[in-house]
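Please walk me through this model one selection at a time.

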Amino acid sequence: MRPIYESRKEDLHYHYVRNLTPIKHLHPHIELVLMLEGEAEAYAGSKGGMLRAGQAFLAFPNQAHHYNDEHGPIDGRIFIFSAEIFPAFYAYFCDKLPCDPIVSFNTDELLPVLHTMDAEHGNHDRYSRSVIEGGVSIILAHLFRRMEWTEVDRRNISAMQAILDYCNLNYTSDITLDDVAENVHRSKYYVSHVFSREIGVSFPAYINNLRIHDAKKLLHRGDMSVTDVAYAVGFSSLRSFNRCFLSLTGQNPSAFKREGNK
């Protein structure tokens, strides 16, 4: 079963979980599941197993993962977020992988944090986001202290991972299939095949998703013009940026920036 590439519009997603997808998928975000009741199978790459109450599951950026929750009802929380939001943990997300993606947590310590976050879940004021981010930081610190890690050996990563890594590092430049192929020592036809058959999106679509994801953060920050943002994330013209932004978000970048400034 080949993984499906997910394009996500938000950089921090948090909600209650009553079921988990069996479809193998990947995205440039971290996916964290906290199981509070019930059990389900959870796999990141070739590692994983049964995820039970009082355990957490972590899938790292561009790591194919999937679940099987046909073991009865479950109750938990799921967080999907960009590594850049949490600089204290960024080095781990870039250079390490958990030896086991499943780790136990202390329910008595984390339940009060989750209750605080749950109380903010329906709020949309200027402080809600900070509360959610703070809660995720506490959860990550709690889990990382309990996990064992392995260094990512860039010489031995899969061809698909090498391709994605190169794109994630160079999407703001005028990147082409030829550039990727040369740097991962594969033909451009092979690279194109990886995107269309293994990831499920075309090379241009993947690059544009990375650029728009970056653009949203810059526009939300509010200190750059729309034109400057367009060129900063790698678009060659304002027109192509506007068209792509509208296609992926449903609104034009100027409107998005105005909403962020309110």
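Which exposed residues does the face of α2 turned away from its buried side carry? Select Asp108 and Ala119: these are the exposed residues there (exposed is over 50% relative accessible area, buried under 20%, partly exposed in between, with a 1.4 Å probe and protein chains only). The model is predicted, with local features needing pLDDT of at least 70 and side-chain atom pairs pLDDT 80 or more, while totals for chains, interfaces and linings use all residues. Residues are numbered from 1 along each chain as its sequence is written, and side-chain values use heavy atoms, without hydrogens or water.

Now select the whole of α2, residues 107-120 (helices are DSSP runs of H or I, at least four residues, and strands runs of E, at least two, numbered from the N terminus). Colour Leu110, Val113, Leu114, Met117, Asp118 and Glu120, which are buried.

Next, select Phe89 and Phe144, both buried. Their ring centres are 5.2 Å apart and their planes at 85 degrees, so the pair is edge-to-face (rings of Phe, Tyr and Trp, the last by its six-membered ring, pair with centres within 6.5 Å; planes under 30 degrees apart are stacked, over 60 edge-to-face, the rest tilted). Phe89 lies in the loop between β9 and α1 (90-95), and Phe144 in α3, 55 residues apart.

Methods:
The expected span of a helix is 1.5 Å times one less than its number of residues.
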